[in-house]
Amino acid sequence: MEHNAEHVVEHAEHAVSSGQLGLLFLILALVIGAATRFFLRKTPVPYTVALLIAGLGLGIMERNHWLSGEGILGEIGSAINLASQIDPHFILFVFLPTLIFEAAFAMDVHVFKRSIANVVLLAVPGLLIGTALLGGMALFFPYNWDWTVALMFGTLLSATDPVAVVALLKELGASKKLATLIEGESLLNDGTAIVIFMVFLSAVTASGEIGTFEGILGNFSWVAFGGIVLGLIIAAGTIWWLRHVFNDALVEITLTVAAAYLVFYIAESFLHVSGVLALVALGLLLAGVGRTRISPEVEGFLHQFWEMTAYLANTLIFILVGVVIAERASVGTLEDWVILGLLYVGIHVVRAIVIATLYPILRKSGYGLPPKEAIVLWWGGLRGAVGLALGLLVAQNMLIPEEIRGQILFHCAGIVALTLLINGTTTRSLIKALGMQKVAAAKALMLDNAIKFIREDADKNYEVLRENKFLSGADWERVRGYMPRRKTPKEKGEITDVEEIDLAAEARRRILEAQKRSYWHQFEEGILGQGAVRRLTEAVSIALDHESDVALNDWKELNHFWQFPLLLTKLQRFPLIGNMVRKSLYDRLAFGYDIARGYVVAVEEISENIESIAPDEHIAIDLGVELNFNRGIALGAIKKLRETFPEIAVAIETKTAARLMLNHERNAIRKLQSSGVLNEVETSRLSGAVERRMKKIFDTPPSIDLPEPRDMLKEIQWLSGMDDSVFKKIWSITKEEIVPEGQALFNKNAPGESVVIIVRGTVRLDYETDVSDYAGSGSTLGELVLLSSSQFLFDAVAESNVQVLKLPGIELKKIIDEHPQIREKLWQTAGIRAAESKLRTMEPFKQWGHIELKRWLLNGKVVWPPKNRLQMVKGTIILLSGKASEFDETGNKCDYKPISVLRAVKVFFEEDSVVYLCPAIKMSLSKMHVLSGQQEEETNEVKSV
């Protein structure tokens, strides 16, 4: 019993000692990282390479017992030795989730989607080709390796880790697309390499059988696609949770951290799928859809947190890599070193073969791959932590012969060190030699203007400060020494002749980038919806892809949000799902309105500063015209929606106004806190109340209260005053639809299958090539064609998105036969419409206003003249149906067809005809008055002769 107690105490003391040593190494690594970043910030040495060198130095000192004995040096040596014994699973499970997720989360999703074909090509077929070639090369080593060991070795050397290269590309301002391609390849090929490595590792450590091709393919598919699916599922759950959190940075950051580690743990420990690919899927989905689900005020802080986390992880992992290589890799024989040198050359030859083999496809897919970028892609295939972790897994596996374990770890560690030390330090020179870091002349000229603007602003501020009475004693000459002194590119002689076309293209690019910033600012302010900001920024990204001098065309990518999919338009006619489809169409209209409004706000902000963006006055004018043209289109779309569906505009603008009011209230609270009026507790309580109201707005979509179609139907003129029983019959056959802008309701010469009542919107009626009319809310179309069993004389096209009620012709005719009063009212409606369309282009009516003409026609009436009798027409009538003929004094016959205007003629009605008898006109003092029916001598008539 006593012996057991002593054993427990000794074990506890050892655990505390190990924990202290681990903490000491962590502190040491962070101090080295901070010092490296600080002292080497002006040198061309990449940060990660410097860390590797520091780690190698620490490992070499400890390996040679230079850090031993009592005191702090001895403890540092013990801490370094403890770190060198790190479990490779610790690297995979602790560092990999942070590094992989941060890289995916920080990636430009649009650029990645455009590059995905090339990324997959390099990460899967490219890795397989590289593995086969490196494995074939390894078979020629003078070692006792069989083909499974050689292919396993080829696989772990195929996992790239281009952290240093990507950082350089970003620092030097080289192609963002190339950086995404290199980083995307690394993310996916890490996952692919680990999957294939495990296949060969199991073959090496088991019976030596690798299995059938079908088995390998099935296992690979399960591991790869299973990981992606798992990542998407966890991402969906995380996004759902984030959506219900508002402005709580601690909770939202914790959720992303938990999701990253949870998905990797489940993938690797339970489902045995690719944790790397699961992390990539998680990060990309959160960076895309999830970005708008994160609270606007937290989104920037969240990215900064992950940048800091990735920095810490990279600091620790590269120092660890250096320590592990120096401590655990064998010194090797001269033969090993010669083979290592040949292997270093060999991996570059193999990578060149891979890129050259795939280049015909790489050059044409995605953004393409220019030759210069292909060279950087080839040289930038560094090896790093993942390859070393896999090498350590081999080194710790006792089922593999010790000699083979030592050889694999030596060469793996050597390649990691050589690629980082040689490729990592020379990539900068390679990029400069290829001219890829040079700022284009147009960009340099933009920078030139910006520096001049900063100087001018500083000069103005200098003069203002000199007038400050509290600064009158300052040494202003010394103050002037702190003012901007940086030379402009033009002063340095870096700007050559710049073509105007290049300046215009660069100015457009900067305008598009400014629009994207405006969209995110509007989102952060809560005045732009989640879906709208995503679509608007995507439109900018697509426009930036073009890289041409064409006019600003991002609005073209947004126009389709004002148009309805043809399938939805047709589905709304089905009884069971019609209401749901129409709700979807209304939501689409609201979405389009949000997009147009956000676009207009961004364009107006940029237009105010267009001179500072464009370096040339003529270019500024041209760009201003382009912006105003697109702004006019967007404003036109907003105007149409406001006129047609004002409820949508009211709902969205109400939500926006409420959010702006809450923003103002929150800022006022913060201002009172900064001035000392409120303490921290009071500020927290008041701000919490504001945040709760903000979340309510954030969670609640705009409430669109549309009027009931049934109520609107009752207001239609030819149905007003209808008995309830009759109206119920009419309503039972009525169908509601939304007709997209530009779609035809009726076509010329087509038979009438239904009567349409326009509830909202405008319909253009094209009678002839140069004659058009418009029908708006409350208008009835198709009634004359239905009543007369004729054909349409015009094309009816939706001028905007139009809400209509359709009454099928067959059912309506049955109701009309049962209730003749409906027929009379419909004929009256048809007569007014026909008369208005014909008379508005004739004298004297074309001098009248639309309302005046309509009011005059309301006093007319429909009549049915007898057929086969000569009639005298006094005044103006409109032939609505049937056929009429006129005979002149010589007996020549002139035929009239619907719709014709008959004015003061003798006419013979050959069929049962219907005419609209217009009211009389009295000319007096150049004004036209409608006469009452009692003034028979001046009233229009149709009398028998």
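Keep in mind as you look that the model is predicted.

Let's begin with strand β3, which covers residues 754–760. Is this strand buried or exposed? Seven of its seven residues are buried, so the strand is largely enclosed by the rest of the structure. Now look at its partners. Strand β8, residues 802–808, runs antiparallel to β3, and six bridges join the two. To see one of these pairings for yourself, find Ser754: its bridge partner in β8 is Pro808. β3 also pairs with strand β6, residues 780–781, again in the antiparallel sense, over two bridges. Here you can look for Val756, which stands opposite Leu781 of β6.

Next, let's turn to the aromatic rings. How many aromatic pairs are there? The count comes to 22. One of them is formed by Phe90 and Phe95, whose ring centres lie 6.0 Å apart with 80° between the planes, an edge-to-face arrangement. Why does this pair get that name? Planes over 60 degrees apart count as edge-to-face. The two partners can also be described by their accessibility. Phe90 has a relative accessibility of 41%, so it counts as partly exposed. Phe95 has a relative accessible area of 7%, which means that it is buried, because the cut-off for buried is under 20%.

Now compare the rings of Phe746 and Phe792. Their centres are 4.2 Å apart and their planes meet at 20°, so this pair is stacked. Where in the chain do the two residues sit? Phe746 belongs to strand β2 (residues 744–746), while Phe792 lies in the loop between α30 (783–788) and β7 (795–798). The two are 46 residues apart, and the pair links distant parts of the chain. Phe746 is buried, at a relative accessible area of 7%, and Phe792 is buried too, at 0%.

Rings can also gather in groups.

Finally, look for places where a charge meets a ring. The charged end of Arg114 sits over the ring of Tyr367, 4.5 Å from the ring's centre. Another arginine to find is Arg291, which lies over the face of Trp520 at 3.7 Å from the ring centre.

Terms used
Residues numbered from 1 in each chain as written. Predicted model: local features only at pLDDT ≥ 70, side-chain atom pairs only at ≥ 80, totals over all residues. Heavy atoms only, no water. Buried < 20%, exposed > 50% of the residue type's maximum accessible area, 1.4 Å probe, protein only. Helix = DSSP H or I, 4+ residues; strand = E, 2+ residues; numbered from the N terminus. Pairing = 2+ DSSP bridges. Phe/Tyr/Trp six-rings, centres within 6.5 Å; stacked < 30°, edge-to-face > 60°. Lys NZ or Arg CZ within 6 Å of the ring centre and 35° of its normal.
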